[in-house]
Amino acid sequence: MSELRQHAESVHAQFDDHLEVDLEEIEDRLETLVSEYKVPPEEARRSLVSSYLSEADLERDELASGQTERVSVGSIDEDEQWVDVRVKVVELWEPRSDAIAQVGLLGDESGRIKFVSFATSELEELEEESVYDLSNVVTDEYEGQYSIKLNRTTSITELEDDIEVGDDTVEQIGALVDIQRGSGLIKRCPTDDCTRVLQNGRCSEHGEVDGEFDLRIKGVLDDGTAVQEVIFDCEQTETLTDITLDRAKEMAKDALDTSVVIEEMKSSTLGRYYQVTGPKFGRYLLVNEFERLGAMDTNDALVRARSM
């Protein structure tokens, strides 16, 4: 079965009870987005889902199929999947929006993951250090980091068990050999708890929006035997490049081109050795801390990398 056919069947199953949708029509619309407009298949599926949500006057969290399986948080590597988890509440944070009831960090033996519970879902509140079965939560992704969202269909069961939460922090040494597309000065969706990177002024979930500027580097570290994709967020990117977000916006404004920012970043970082530390999600290592190692002999760098 082709990838587009799989996506079409997934969308059809989600909306079959809400709209008169034809499987072949869904596949044709996906094919148009992918073939004519060069939209990646996964993004095309999200765009079509958003369109059908609007047509059916539904909220996204009303699409749960009820066919979920329990997974470990460390195995989550795809967004918009409905799953069950058994987790311990590691930490709760102060929500930055009235639309969010709770936000914090959950964990199990495989690692940790961010969670969000929305005020409109009217769920019971989780307590720090407590363990819960959470059924029917939906996964989300931001800069390679996955999170889960509690919604009005989520079932919460407090358990008397305890969980020893695993540590997913890793270290990596290598030369920064590439800064990928989607780095530099970017714009994100301003919708509460979305922050997806815009493509040509559009969010794949919320359509055309006025984006908010941000900085990031999606790079590749090479230790001589393998490569590791890494992501530096705005704070880490500013420290790494000595280019603040305000300066980046001025540079782009003066040049009438955002590409000047990434070119400046490349000139000061590529080919240099770094030791980075942070959690690993999917193929990305999210940099929480880094150390510049300067101009190193290649053999010395490899010895240090292999001894980690």
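Trainee: What do the buried residues of α1 pack against?

Mentor: They pack against α2 (23–35) and α3 (41–56). Packing here rests on contact, meaning heavy atoms within 4.5 Å. This is a predicted model, where local features need pLDDT of at least 70 and side-chain atom pairs count only at pLDDT 80 or more, while totals for chains, interfaces and linings use all residues. Residues are numbered from 1 along each chain as its sequence is written, and side-chain values use heavy atoms, with hydrogens and water left out.

Trainee: Which residues of α1 are buried?

Mentor: Leu 4, His 7, Ala 8, Val 11, Gln 14 and Phe 15 are. Buried means under 20% relative accessible area, exposed over 50%, and partly exposed in between (1.4 Å probe, protein chains only).

Trainee: What makes these buried residues line one face of α1?

Mentor: Look down the axis of α1: the buried residues fall within an arc of 125°, so they line one face. The arc is taken from the directions that run from the helix axis to the C-beta atoms.

Trainee: Why is His 7 called buried?

Mentor: Its relative accessible area is 10%. That is under the cut-off, so His 7 counts as buried. His 7 touches Leu 30, Pro 41, Glu 42 and Arg 45, leaving aside neighbours within four places in sequence. Its C-alpha atom is 8.1 Å from that of Pro 41, 34 residues apart along the chain.

Trainee: What puts the buried residues of α5 on the same side?

Mentor: Those residues are Leu 245, Ala 248, Met 251 and Ala 252. They cover an arc of only 120° around the axis, which puts them on the same side of α5. On the other side, Asp 246, Lys 253 and Asp 254 are exposed. The cover over the buried side includes β9 (184–188), β12, α4 and α6.

Trainee: Which residues touch the most other members of the largest nonpolar core?

Mentor: Leu 215, Phe 232 and Val 276 do, in a core of 23 residues. α5 gives the most to this core, with four residues. A nonpolar core is a set of buried Ala, Val, Leu, Ile, Met, Phe, Trp, Tyr and Cys residues joined through side-chain atoms within 4.5 Å. Beyond four places in sequence, the contacts of Leu 215 include Leu 245 and Ala 248. A second, separate core has 22 residues, among them Val 73 and Leu 106.

Trainee: How many aromatic pairs are there?

Mentor: Two. Rings of Phe, Tyr and Trp (its six-membered ring) pair if their centres lie within 6.5 Å; planes under 30 degrees apart are stacked, over 60 edge-to-face, the rest tilted.

Trainee: Why is the pair of Phe 232 and Phe 290 called edge-to-face?

Mentor: Their centres are 5.8 Å apart and their planes stand at 75°, so the pair is edge-to-face. Phe 232 is in strand β13 and Phe 290 in strand β16 (residues 289–294), 58 residues apart. Tyr 274 and Phe 290 make a pair too: with centres 6.3 Å apart and planes at 75°, this pair is also edge-to-face. Phe 232, Tyr 274 and Phe 290 form one aromatic cluster.

Trainee: How do you know that Tyr 274 and Phe 290 are buried?

Mentor: Tyr 274 has 2% relative accessibility. Phe 290 has 17%. Each value is under 20%, so each residue counts as buried.

Trainee: What makes the link between Asp 133 and Arg 70 a polar contact?

Mentor: The side chains are joined at 3.1 Å. The rule asks for a pair of N or O atoms within 3.5 Å; within protein, one must be able to donate a hydrogen and the other to accept it, and residues adjacent in sequence count only if both atoms are side-chain atoms. Asp 133 also makes a side-chain polar contact with Arg 86, at 2.9 Å. Asp 133 sits in strand β5 (residues 131–142). With a relative accessible area of 12%, Asp 133 is buried.

Terms used. Helices (H or I, at least four residues) and strands (E, at least two) are DSSP runs, numbered from the N terminus.
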